Amino acid sequence: MEIPMPAPICLVENSPAGELRVQQEALQVLAEISQPVVVVAIAGLYRTGKSYLMNRLASKRTGFSLSYTIRSHTKGIWMWCLPHPRRAGHTLVLLDTEGLGDMEKGDTKNDVWIFVLAVLLSSTLVYNSMGTIDQQAMEQLHYMTELTELIKVKPAGGGSRGDMKVKAAGKGGRQEGEDSAEFVRFFPAFVWAVRDFTLQLELDGREITEDEYLENALKLKPGSSKQDQRYNLPRKCIRLFFPARKCFVFVPPAGWRDLPRLEELREDELDSEFREQVAQFCHHVWETSKPKTIPGGHVVTGAMLGNLAVTYVDAIRSGAVPCMESAVLALAQIENSAAVGEAVAAYEEQLGRRAALPTQSVQELLELHAQCEQEALRAFMARAFKDEEQQYQRQLKDKLDSKRAELCRRNEQASSDRCTAALRELSQELEDHGPPLTTAPFRGSARSRPAPREGDRGPRADPAARAGRPPSAMEIPMPAPICLIENSPAGELRVQQEALQVLAEISQPVVVVAIAGLYRTGKSYLMNRLASKRMGFSLGSTIQSHTKGIWMWCLPHPHPRRAGQTLVLLDTEGLGDVEKGNTKNDVWIFALAVLLSSTLVYNSMGTINQQAMDQLHYVTELTELIKVKPAGGGSRGDMKVKAAGKGGRQEGEDTAEFVRFFPAFVWAVRDFVLQLQLDGREITEDEYLENALKLKPGSGKQDQCYNLPRKCIRLFFPARKCFAFVQPAGRKRLPRLEELQEDELDSEFQEQVTRFCHHVWETSKSKTILGGHVVTGAMLGNLAVTYVDAIRSGAVPCMESAVLALAQIENSAAVGEAVAAYEEQLGRRAALPTQSVQELLELHAQCEREALRAFMARAFKDEEQQYQRQLKDELDSKRAELCRRNEQASSDRCTAVLRELSQELEERVCEGGYSVPGGYQRLLDDQREMVEKYKQLPGKGIMAAEVLQQFLKSKETVAQAVLQTDQSLTDKQREIEVERARAGAAEREAQLSQEMQARTEQLLQDQARSHQEHVQQLTAKMEQDRRQLLAEQQTALALKLQEQERLLRDGFQREAEKLEHEMRNLKDEMSRPPPSPPPCVIF
């Protein structure tokens, strides 16, 4: 490893629910390690100092995190990859595992799987215990006795060789005939580390070694009683499974007062005997631990270790038993496939270093291929294994055969280009001063390069699949929600790649409904109902928070008027979890729910009282956590914002602008048992909410605290709605709420949920961003990444900066999509060669129009037309390429026609048929007849005259030779004929020159047409953007007016005047004339 890992990272996460999951960050680190790995894992009871011992193996004082409380500290399996201190070219991988036997965990099965993974992944396993190796220590090592039920060497009979098909764990689960003694072939070396050992190593009055101490402890007791069997079982397992074993004992490292700061102690502060023992232990592990291997003796690299971890954890998560042979076969498929790619890359690398095309002979070319092929095969054989049926080697052979054919084509092309260039250079003087002397048949215009075959349009960008057609509805809805934004135990937010990949496939507008609220208030259940499902978002019925981060579910929109749109449901982590401790993390979760949604549901319990308002303090912090515009001086395209905190709002920023961009707001009050009455009259749920949001007159500190959350809700969310829900079922049924049938739910609750879902489905609008631009799934993913990156960097998410960053991504993609649309249209319409330049330019114009439509449909905020200019350059290049292809197709067609028509004439020349008196006139007659036939043939394209002229030029030498040998002509007649031939050639050249001039004029006219097309579509796009912005502003104005009326009705004149000022500013903005594009916006 050139750059060692600065600190350990989590390899296998162990969630609070006991679910194991391999971490992508660790897999990425391992994927970069192509060296053999020596894997040392440590396991043992929690709070026994395992992490400290691993830090010493890493030659560090700190690294794996230590703790000195009574609780387990390390969770899951953590990994540290370092250059091996003794084995050059090897990587030392240290695995620190979660402490076993944590009584707070409760799930012993989870402990066993952690131990199993340590055994399966390591080449040396260190078992760490405290005190002495006595019967209690042996009984604590019961995990050993379960290995036969939890690990299989071979798959269960009848399973596919490549599949992880195994029997479920349990007594009797071992397949018939399987010998657990085979474990010794595959299990790691075993080292028992006994910590805080204070006894004397003596036995029967003599000193013994640590290894003798271990072997004495592993002695079996004679007898067959139940007690004897229980005593012997763990000892038998260790002796059978780990015949290569070693023991080290360690005295306490320091005095007990110093232990809490153990990793801070200098070497001279540690006990000297302990230092010596640690040095012996590390030296042994470094010197004797071998590279990790798998069945068959194949050495494991970092990338292979990562794939093994994924295979084993996937088996455990599926409820199966990890099977070593099945894991190896699955790994072989991955490695062999990678070996094919590596071999092809080796071939191409060797070819790039050795190739000097064209070669002088085919033999030289084939020898070049053979040398590269040998290197490719060496690369393949170095990595591939268990390719017993040569499936991957055959695959490699097919690829190398294809490479050889491609190499031959390239060599021929290089030779052809070289020869053409040489002939052009050698014949330049002859062409300048007289007719060429060659009599070879014409082979096409020297300036034209061979064009690709029609239909070969090269690879297309992904957007081509949807270019030129409207987006379709989601064909395969997500079967279940997935995590969009992970919230780690440390409170670090991270957008998940799987979710981004799902969103990237959604080209439709998205209606995003997010739910937020205190934890354990039933948010997930309500979101499942919005998805028209009983189950989906996971529910919890304990007192602990269940959903972590933000989870996403994408579904076809259920409302008929929203066909062609995707409903994206976002279930957020519960706010106010007392176990979390980090309230800032809660605020960011809430801010992301606001920023990403078009409708925000706030979920609370009981009633909307002062406590409920106090709990909604997150809304009061939005002004410090979200900016509309970037801080002064920032680049328009950058997410440069001020850090959050008091006074962090940039000068002059008007938080009233939030109303233009914030989602609609729905307050869902759960388990509501009161009567909706006010002053003796029945009120609606909306009136209930508005009454709760009434401001209190006064300017005291208590009044301000009371009004602040209410003001924020009224200002930021003037479009708001309220729903109250009774309890869905009786208390005893609530823990299994998602299992209840509809008729088991409270009928009033059913009716309330129906009204709630209908309102959300019908009124929630497509998510939009600044300027009224509608957001697609792919854009939503990019927005999430932009906002989370800003939060992670310590900055404040800025909506305008996010939109500009998103515009760069979308506009760049729009260019690619437009080019793909051009190519798709060209592929459908092109029939080359065309009969005229005008026909070709009309074809280009049609394809360009479709490309512009595709670009304008996706692009936005390209205010300086940077991306439209980029597209214009691309399309101009495409037009030039199309002209070249058309000329080549025409040239090829004409050459083929002339070759066929002149066949008979060529034969007569060769046979001397014109070398007779009167032969010259006969030659001229035959040529005229051939030219007439040539002119009458259709489909020759725009190069017909030029190719004919070249052809006739190539025959002038033959004609001159025939003329000079024609005995029927006098010298005077010969001179006349020569002059006549020159005049004819000059006339044809003049006609050709006129034709080329006309072609150039047509191209210039098309350039002007293209410019006009760009300007027209840009003007239409700007008008559309203007209408969208106006609609956004009108909506904001209407909402502000509505809120002003409420304030006046409640007697808050000053607040109403503030709103009046905001509305005047907004009206001024709306009345500004729209910008017009400059006349030379494209060129």
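**Strands, helices and buried residues in a predicted model**

Trainee: Which residue in β17 is the bridge partner of Val-512?

Mentor: This is a predicted model. Strand β15 covers residues 510–517 and strand β17 covers residues 566–572. The two run parallel and are joined by six bridges. In β17, the bridge partner of Val-512 is Val-568.

Trainee: What is the strand order of the open sheet that has β2 and β10 as edge strands?

Mentor: β2 (20–22) and β10 (245–249) each pair on one side only. They are the edges of an open sheet of eight strands with mixed pairing. Read from β2, the order is β2-β1-β4-β5-β3-β6-β7-β10.

Trainee: Which strands of that sheet does helix α1 touch?

Mentor: Neighbouring strands of this sheet are turned by 20 degrees against each other on average, direction ignored. Helix α1, residues 24–31, packs on the sheet, and its direction makes about 135 degrees with that of β1. The strands touched by α1 are β1 (9–14), β2 and β4 (77–83).

Trainee: Are α1 and α10 roughly parallel or roughly antiparallel to each other?

Mentor: Two packed helices are described by the angle between their axes and the distance between the axes. For α1 and α10 (residues 302–317), the angle is about 150 degrees and the axes are 7 Å apart. Angles over 145 degrees count as roughly antiparallel. Because the angle is about 150 degrees, α1 and α10 are roughly antiparallel.

Trainee: Which residues of α1 make the contact with α10?

Mentor: On the α10 side, the contact is made by Gly-302, Ala-303, Leu-305, Gly-306 and Val-310. On the α1 side, the residues are Leu-27, Leu-30 and Ala-31.

Trainee: How many of the eight residues of β3 are buried?

Mentor: Strand β3 has both faces covered. Val-37, Val-39, Ala-41 and Ala-43 are buried on one side, and Val-38, Val-40, Ile-42 and Gly-44 are buried on the other. The strand, residues 37–44, is therefore largely enclosed by the rest of the structure, and the number buried is eight of the eight.

Trainee: Which residue of β6 stands opposite Ala-41?

Mentor: β3 pairs in the parallel sense with β5 (residues 91–97) over six bridges, and Ala-41 stands opposite Leu-95 there. β3 also pairs in the parallel sense with β6 (residues 124–130), over five bridges. In β6, the residue opposite Ala-41 is Leu-125.

Trainee: In β7, which residue is the bridge partner of Tyr-127?

Mentor: β6 and strand β7 (residues 189–195) run parallel and are joined by seven bridges. In β7, the bridge partner of Tyr-127 is Trp-192.

Trainee: Which elements do the buried residues of α2 pack against?

Mentor: Helix α2, residues 50–57, has eight of its eight residues buried, so the helix is largely enclosed by the rest of the structure. Among them are Lys-50, Tyr-52 and Arg-56. The elements they pack against are β3, β4, β5, β6, β7 and α9 (272–288).

Trainee: Which residue's backbone nitrogen does the side chain of Asn-886 reach?

Mentor: Asn-886 is in helix α27 (residues 866–901) and is buried, with a relative accessible area of 0%. Leaving aside neighbours within four places in sequence, Asn-886 is in contact with Leu-832, Pro-833, Thr-834, Leu-840 and Ile-942. At 2.8 Å, the side chain reaches the backbone nitrogen of Thr-834.

Trainee: Is Gln-1034 buried or partly exposed?

Mentor: Gln-1034 is in helix α32 (residues 971–1050). Buried means under 20% relative accessible area, and exposed means over 50%. The value for Gln-1034 is 44%, so this residue is partly exposed.

Definitions and conventions. Residues are numbered from 1 along each chain as its sequence is written. This is a predicted model: local features need pLDDT of at least 70, side-chain atom pairs count only at pLDDT 80 or more; totals for chains, interfaces and linings use all residues. Side-chain values use heavy atoms; hydrogens and water are left out. Buried means under 20% relative accessible area, exposed over 50%, partly exposed in between (1.4 Å probe, protein chains only). Helices (H or I, at least four residues) and strands (E, at least two) are DSSP runs, numbered from the N terminus. Two strands pair if DSSP finds at least two bridges between them. Axes are lines fitted to C-alpha atoms, for helices over the stretch in contact, and angles run from 0 to 180 degrees between N-to-C directions. Contact means heavy atoms within 4.5 Å. A polar contact is a pair of N or O atoms within 3.5 Å; within protein, one must be able to donate a hydrogen and the other to accept it, and residues adjacent in sequence count only if both atoms are side-chain atoms. Angles under 35 degrees count as roughly parallel, over 145 as roughly antiparallel, 65 to 115 as roughly perpendicular and the rest as oblique.
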